[in-house]
Structure formats: C-alpha cells, structure tokens
There are 2 protein chains.
Amino acid sequence: MKAEIISIGTELLLGEITDNNASFLASQLPLLGIDLYFISTVGDNQKRLVETLRRAWERSDIIITTGGLGPTQDDITREAIAELLNEEIKIDVALAQELKAFFGRRGLEMPPSNVKQASVITSAEIIPNPRGTAPGWWVEKGGRTIITMPGPPGEMQLMWEKAVFPKLQQKSEAVILSRTIKTFGLPEAKVDELVSPFLSANDPTLATYAKPDGIHLRVATKAREVKEAKEKLDRREADIRAILKEYIWGVDSETLEAIIGNLLISKKLSLATMEFGTGGFLANLITNVPGSSAYFKGGLVVHSREMALAFGVDDRLLAQYGAMSPEVAEAMATIARQRFKAAIGIAVSGVTGFGETENKAVDTIFISIDDGKNRQNFTRKYPGSPQQLKHRAALAALFELRRILLEGSIDASNY
Amino acid sequence: MKAEIISIGTELLLGEITDNNASFLASQLPLLGIDLYFISTVGDNQKRLVETLRRAWERSDIIITTGGLGPTQDDITREAIAELLNEEIKIDVALAQELKAFFGRRGLEMPPSNVKQASVITSAEIIPNPRGTAPGWWVEKGGRTIITMPGPPGEMQLMWEKAVFPKLQQKSEAVILSRTIKTFGLPEAKVDELVSPFLSANDPTLATYAKPDGIHLRVATKAREVKEAKEKLDRREADIRAILKEYIWGVDSETLEAIIGNLLISKKLSLATMEFGTGGFLANLITNVPGSSAYFKGGLVVHSREMALAFGVDDRLLAQYGAMSPEVAEAMATIARQRFKAAIGIAVSGVTGFGETENKAVDTIFISIDDGKNRQNFTRKYPGSPQQLKHRAALAALFELRRILLEGSIDASNY
C-alpha cells in the first residue's frame with residue numbers, strides 16, 4: 001500500500017513551526033508495512049489544497065492529512081475534502097452535542113463558530129479526539145482511504161495511537177516490527193563502534209539515534225507473521241545486550257522515571273529530591289509518572305546559597321567547596337531524605353547557567369544519592385544548552401538510582 | 001514570485017530525520033518577499049523526483065531543492081534536474097580539481113566516486129560549498145530558477161547565507177513581515193469571534209493558533225519597504241490590542257517566564273513557589289530564564305497530604321477543604337513566601353492525576369498568589385493530559401502574576 005502525507009497550514013509555509021507531525025507519521029508507517037512515497041505541505045488555501053489532495057488521490061492508496069481542522073475560517077481541510085469527493089458538508093447533531101459538552105465540562109459556553117468542527121460528509125466516519133475539539137475523519141471511497149487528523153501534535157498522536165494505527169493495522173499485509181533499545185552513559189560514536197557488525201546487516205536492520213535520554217538503538221525487521229518478526233528481534237536484542245550490558249536501561253516506550261517508579265513500588269521505598277540549579281526538573285520528571293504520589297514524597301528547589309543554607313546545608317561546606325560540589329550535593333541528598341522522611345534522597349547540583357556561577361564550568365553536574373546506609377556521589381559533564389543540561393542531569397541521577405536499586409542492597413526491610 | 005521547496009531523501013520519508021531545512025527556508029523566504037506555496041518531500045527515486053520537479057516547474061517561478069547531492073548512487077538530484085531540462089551531465093574539470101584539493105587539505109585522497117559531485121549541466125552555475133564536497137547549482141532557464149543545495153543543514157545554511165539569499169534579494173521586489181501577538185485565558189474560537197473583521201482582511205492578514213501558552217494571533221503584511229510594512233503591522237496590532245486588552249501578554253519570541261523575570265527585576269521583588277500535584281513544573285519553567293537566580297528564591301514540591309502538613313499546611317484546612325482547594329492553595333502561597341523569605345509566594349495545587357484524587361475532577365487547578373499585602377485565588381479548568389495540565393497550570397499562575405505585577409500595587413518599597 002502506498003501512502004502520502006499532506007501537512008496543512010500556512011504557518012508551516014512561513015517556517016513558524018517545524019513539521020514534526022510528518023516525521024512522526026513517517027516513522028510510524030513502516031511499522032504497518034505501508035510505504036510512504038510523498039509528503040506535501042500546503043497552506044490554508046482551498047484551491048491549492050484541493051489540487052494537492054487530487055494528485056494524492058490519483059497516485060496513492062492512503063492519504064493522511066494533519067492540520068486545518070480548527071473552528072476558524074482559515075481551517076479548510078474539511079471543505080477541501082468535500083470538494084474533492086464532491087460531497088455535501090452537514091452538521092452532525094450528536095457530535096455538536098458532544099462538543100458542547102466538552103466546553104461545558106470546562107465551565108465554558110461553546111462559541112457558535114465551533115459548530116463547524118461537528119461537520120461531516122456521508123463517506124466520513126468520525127475519529128474521536130479525546131484531547132481537543134477537532135474530531136478526525138476516516139473516509140473510505142473508491143478503494144482509497146483518507147485520514148484527517150488535527151494539527152496539534154498531542155491531539156494528533158493520541159488519535160493516531162488510539163484509533164488510526166489499530167485500524168490501519170487491520171488493512172496491512174506484512175508486518176514490520178521494530179524495537180528500540182535504550183542506553184545511557186556512552187557517546188553515540190562509541191555505541192556505533194561496539195555494535196558495528198550489526199549496523200551493516202540487512203535483516204534485522206539497526207540504526208542508532210542520539211536522544212535526550214541517551215543513545216537509542218532501533219532494530220527493525222519485516223516478516224509475514226508477528227511471531228517470526230518477534231523472534232528475529234529477540235535474537236538481535238540478545239546480541240546487543242551481550243555487548244552493551246549495563247548501559248542498557250530500557251526498551252521501546254519505557255522511560256527511566258517509570259522504571260524507577262516500578263522499582264520503588266516493588267521494594268516499598270520512597271523518594272525525595274533536592275535540586276540546586278536544575279530548578280525542579282528532576283521532580284517534574286519523576287512526577288510525570290501516574291501514581292508517583294505512592295513513592296515520591298516531594299522536592300526542595302533552591303536557587304541561591306542563601307536558601308541552601310536556610311534548608312540546612314552547612315555553611316562551612318558551602319564556604320569550603322562551593323555550592324556546585326560533590327560535598328554540597330551529598331549534604332543535600334541527606335537533607336532531602338530527612339526532611340521528607342523518605343527512604344532515599346537524591347540531590348542534583350549544577351546547571352550554573354541558571355543559578356550561581358562561582359567560576360566553575362557550566363557543563364558539570366554533581367549528583368548524590370543517600371539511601372540511608374550509603375551515600376554515593378557522581379560527577380558528570382555534558383555539552384548542550386542549559387535546558388538540555390537540566391534534562392541530562394535529571395536523567396543521569398535516575399540512571400544511577402536505577403543501578404543502585406537493581407543491585408538490591410536496599411529495600412524497605414532496612415527502614 | 002512563487003516559490004516551492006523540494007526536500008529530497010528517503011530518510012525523510014522513513015521519519016529518521018525531521019525536515020528542518022524546509023522550515024528554515026520557509027522562514028527565510030518571507031524576508032525576500034517571495035511567496036512559498038508548496039513544500040514537497042520525495043525519496044531517492046529518480047522517477048518520482050522528476051515527476052515532482054516537473055510539477056513544480058509548471059506552477060512555480062523558483063524551485064529550491066535540498067538533499068541528494070552526495071557522492072553515492074542513491075544521490076540523484078543532479079540526474080533528475082538534467083532529465084527534467086533534457087540536458088547532458090558533464091564533469092567540470094576545474095571543479096573536480098577543487099574537490100580533490102578539498103580532500104587534500106584534510107590529508108585525504110578523494111575517493112573516485114566523488115568526481116560525481118563535480119558534474120554540471122550547461123544551464124547550471126556552480127554555487128560553492130565552503131563546508132563540504134557537494135556544490136550547489138543555480139539554474140536559470142525558461143523564466144524559472146532552480147536552486148539545488150546539499151542536505152546537511154550546516155552546509156545548506158551557509159550556502160544560503162553566503163550565496164543564495166543575496167542573489168535572490170536582487171530578484172526580489174517586496175518584503176513580507178509578520179508579528180505574533182500572544183494571549184492567554186480565552187479559547188481560540190472566542191479570540192476569533194472578537195477579531196473576526198480582521199480575519200477576513202487581505203492586508204494585513206490575520207490567523208490564530210492554539211499553543212501551550214495560549215492563543216497566538218499572527219499578523220502578516222507585504223510591502224515594498226520594511227518601514228511601510230512595520231507601520232502596517234503597528235496599526236493592526238493597535239487595533240487588536242484595543243479589543244483583546246489584558247488578555248495579551250506578549251509578542252513574537254517573548255515568553256511569560258521571561259516577562260515575569262523582567263518585571264520582578266525592575267521592581268526588585270523576589271519569588272518563591274509551592275506546588276502540590278504539578279511536581280515542580282512551575283519552578284522548572286521559572287528557572288528556564290537565564291539569570292533567574294536574581295529573583296527566584298526556590299520552590300517546595302509536595303506530593304502527599306503528609307508532606308503538605310510537614311511543611312506547615314494546617315491540618316484543619318486539609319481536613320475541611322481537601323488538598324485540592326482554594327483554601328489550601330492560599331495557605332501554600334503564604335508558606336512559600338515565608339519559608340523562602342520572598343516578596344511573593346505562588347502556589348499551584350491540582351493535576352490530581354499525579355497525586356491524590358479525593359474524587360475531584362482532574363482538570364481543575366487552584367492557584368494562589370500572596371504578595372504580602374493581598375492573597376488572590378484563582379480556580380481554572382483545562383482539558384488535556386496531566387502533562388499538558390501541568391503546563392497550563394504553571395502558565396496560568398504566571399499570567400495572573402504578570403497582571404498583579406503590572407497593576408503596580410506591589411514593589412520593593414512595601415518590604
């Protein structure tokens with residue numbers, strides 16, 4: 001099956017936003033064994049959009065559009081598809097009621113113009129949008145499929161995962177499966193070197209990607225059946241694990257913060273944080289996990305020496321070693337553990353671009369983990385912007401915490 | 001002049017890389033007064049590339065391609081343009097010598113296949129590539145211009161700045177300028193309704209976009225000179241400000257957190273936060289601003305009633321109103337202010353998907369701001385995932401703080 005993506009929005013043609021939707025969808029289609037031959041970007045102009053849709057209709061089996069489903073006059077995707085298919089647009093009364101209810105739940109009245117988002121054509125089936133007011137359309141006509149989704153990436157991706165991907169999976173003949181193996185602590189070139197024999201293999205293919213949470217290795221294979229594909233992936237994953245060992249922390253959609261959460265729950269341990277310079281990024285990451293209140297007690301965010309002192313860091317330590325030091329990080333880990341009555345305290349100190357500078361390099365991070373028995377310190381250097389550094393610092397702390405938890409020396413029986 | 005961008009490379013269609021070249025070029029063309037109507041992405045397939053080039057040739061004055069200029073067999077941009085124009089490809093001897101010298105300067109011998117990068121057609125003028133071995137082509141034929149540039153963004157952007165932009169500037173007759181006006185607190189459809197007369201205007205044009213930090217309005221205009229374009233934007237901005245008034249918080253690349261930072265610095269005020277359920281997102285956002293340590297004292301992140309109690313929230317308040325309530329948020333704002341000895345304390349309580357539920361709706365946020373004289377409370381409802389809710393909650397808090405700071409009742413003289 002040949003697919004084509006059409007990204008719609010004048011803001012894309014003005015370069016105001018980058019088209020991450022197209023690259024997201026492009027990365028998903030191989031998983032369905034669907035070949036993507038073209039991506040087109042058009043503005044909010046009905047004539048040019050219809051022209052683009054018509055050409056896609058002539059040469060592709062599946063047309064996926066994103067954008068142009070808002071409630072305003074410049075959102076013309078629905079109108080363009082109706083024109084292409086020569087169908088009439090009508091308001092779906094039940095859908096209009098649902099939209100009204102969506103506004104009602106927020107304590108708002110639906111603006112009259114929003115009723116536009118409840119419009120349909122006869123060939124279109126509605127795809128629900130749990131996150132917004134722009135439902136999608138699934139159109140089947142003349143042996144072709146048109147799928148329209150909203151432009152905001154959060155809404156589009158949820159709609160894709162919940163409804164569009166499963167439905168396309170039923171159409172697909174071959175399966176292409178892939179698995180992402182996630183590492184932390186090695187540079188990309190080193191990972192590449194270590195797995196180089198597999199990088200040139202044809203089946204499974206292997207590629208490496210540098211991501212904020214480390215180097216990812218994506219293994220992909222095509223087969224007639226899921227079972228066969230899975231076995232091939234399992235074998236290659238075992239090869240890679242034998243080489244990269246403890247640098248591997250997870251696979252696929254796993255996140256370090258969720259892995260930590262599961263480990264803490266299974267060991268009945270609780271966690272608290274103290275951050276100096278990373279502004280709460282670590283706490284924010286930990287609390288992105290649903291149910292994190294079961295183990296995360298809370299965090300202290302200090303942003304000056306004065307407040308570090310006020311929360312109990314010894315002024316002699318600050319004077320002798322400076323705020324950005326292993327010694328102060330170690331003291332902070334203990335303060336976090338004690339203040340929040342947690343089993344484990346983690347401290348991160350660094351990202352001085354945001355806080356104090358003290359003439360130290362702005363690329364150095366100090367991490368300390370106090371589990372009540374031991375205090376372990378880690379010093380790490382990372383390149384990148386201060387925001388990237390915040391991210392890396394938090395992930396490095398979680399990566400070390402994971403290792404300590406897996407070594408198994410601490411559990412609730414120690415407390 | 002109508003332009004069209006063609007991005008070439010199978011890796012784009014596999015979603016392995018995002019097409020940042022197209023968005024870069026798209027953001028540059030308005031500065032030249034050149035209208036961009038289409039962006040197309042094709043793989044390394046000569047038939048489909050020629051097809052895409054031919055259509056562009058038929059409908060556009062300027063065609064800009066990126067990618068497919070490498071030395072390997074799958075790089076077919078030169079061949080496809082030669083086929084389109086029905087011209088013969090020849091090796092340019094002088095250019096081949098230059099490429100050899102390029103390798104020589106790096107102590108390398110040029111691989112024989114690289115001579116392919118020295119090929120030209122009669123209509124093409126060579127565009128030098130100071131950073132790599134893939135020169136560009138500038139083709140003028142039949143009243144049309146084809147510009148081919150390499151895919152690596154560093155090489156492409158340097159070539160654009162040094163050679164292509166100046167050359168296009170000579171062709172150009174107009175400038176297009178745009179301005180983004182940022183609002184918070186109104187749904188998109190409401191904003192649209194309020195500014196509807198301007199939405200249908202042709203000059204300046206106006207469009208609205210829903211973003212995490214509110215609804216943005218983009219005003220754009222075309223003129224012969226920058227001064228004239230700026231005046232038109234100023235007048236339309238004034239019209240919009242007269243309507244949307246206090247809902248407007250910034251323009252262009254301004255962020256709420258940076259605006260807050262500037263206000264606090266100018267008023268010599270400091271800030272502290274306490275968060276229950278948003279896990280430090282507010283503190284994280286505030287500390288994304290370089291220099292935030294000048295005014296941000298720090299933050300408390302609590303994630304359970306027990307820790308809210310431990311940091312001083314009155315247990316009778318918690319029992320009577322629940323953790324997610326205006327009353328508890330108000331108490332937390334004062335605790336933040338006092339604990340961190342700050343001029344202003346902000347509390348956010350909500351996003352219960354992460355913390356306790358207490359059978360309350362998970363889309364409600366309680367915000368309180370204590371400036372030492374007054375305590376102001378705000379209750380807001382938002383749709384979206386818990387992570388989006390964290391983001392909106394933090395932005396809503398900053399938006400209200402901005403309003404309070406601008407009302408001007410507090411400054412350092414009160415302390």
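## Terms and basis of the model

Two strands are said to pair if DSSP finds at least two bridges between them. Helices (H or I, at least four residues) and strands (E, at least two) are DSSP runs, numbered from the N terminus.

The model is predicted: local features need pLDDT of at least 70, side-chain atom pairs count only at pLDDT 80 or more, and totals for chains, interfaces and linings use all residues. Residues are numbered from 1 along each chain as its sequence is written, while chains are lettered from A and ligands numbered from 1 in the order in which they are written.

## Chain A as a whole

Chain A contains 15 helices and 17 strands. Along the principal axes, its C-alpha atoms fill a box of roughly 80 × 55 × 40 Å. Of the 415 residues in chain A, 48% are buried; a residue is buried if 20 or more other C-beta atoms lie within 10 Å of its own, exposed if 12 or fewer, and partly exposed in between, with C-beta atoms placed from the backbone.

Two residues are in contact if their C-beta atoms, placed from the backbone, lie within 7 Å. Among the contacts in chain A with a separation of 6 or more, 66% join residues 24 or more positions apart. The domain assignment of chain A gives domain 1 (2–171), domain 2 (175–251) and domain 3 (256–406); such bounds come from an automatic or database domain assignment. The centres of domain 1 and domain 2 of chain A, taken over C-alpha atoms, are separated by 33 Å.

## An open antiparallel sheet

In chain A, 4 strands form an open sheet in the order E10-E11-E9-E12, with antiparallel pairing. Strand E10 (205–211) and strand E12 (248–251) of chain A stand at the edges with a single partner strand each, so one side of each has no neighbour in the sheet. Neighbouring strands of this sheet are turned by 25° against each other on average, direction ignored; axes are lines fitted to C-alpha atoms, for helices over the stretch in contact, and angles run from 0 to 180 degrees between N-to-C directions.

Within this sheet, strand E9 (residues 175–183) and strand E11 (residues 214–223) of chain A are joined by 8 bridges and run antiparallel. A:Leu177 has A:Thr221 in E11(A) as its bridge partner.

In chain A, a cis peptide bond leads from A:Asp203 to A:Pro204, with omega near -5°. A:Pro204 lies in the loop between helix H8 (196–199) and E10 of chain A. In chain B, B:Asp203 and B:Pro204 are likewise joined by a cis peptide bond, with omega about -5°, and B:Pro204 lies in the loop between helix H8 (196–199) and strand E10 (205–211) of chain B.

A:Asp252, although not a glycine, has a positive phi of about 50°. A:Asp252 is found in the loop between E12 and helix H10 (256–266) of chain A, and is exposed, with 11 other C-beta atoms within 10 Å. Another positive phi, near 35°, occurs at B:Lys245, a residue other than glycine. B:Lys245 lies in the loop between helix H9 (226–244) and strand E12 (248–251) of chain B and counts as exposed, with 9 C-beta neighbours inside 10 Å.

## The contact between chains A and B

The contact takes 67 residues from chain A and 69 residues from chain B. Elements of chain A that give two or more residues to this side include helix H2 (20–28), strand E14 (296–302) and helix H15 (386–407).

Across the contact, E14(A) is joined by 5 bridges to strand E14 (residues 296–302) of chain B, and the two run antiparallel. A:Gly298 stands opposite B:Val302 in E14(B).

## An enclosed strand in chain B

Strand E1 (residues 2–8) of chain B is largely enclosed by the rest of the structure, because 6 of its 7 residues are buried. E1(B) pairs with strand E2 (residues 35–42) of chain B in the parallel sense over 7 bridges, and B:Ala3 has B:Leu36 in E2(B) as its bridge partner. E1(B) is also joined by 5 bridges to strand E3 (residues 62–66) of chain B, and these strands run parallel. There, the bridge partner of B:Ser7 is B:Thr66 in E3(B).
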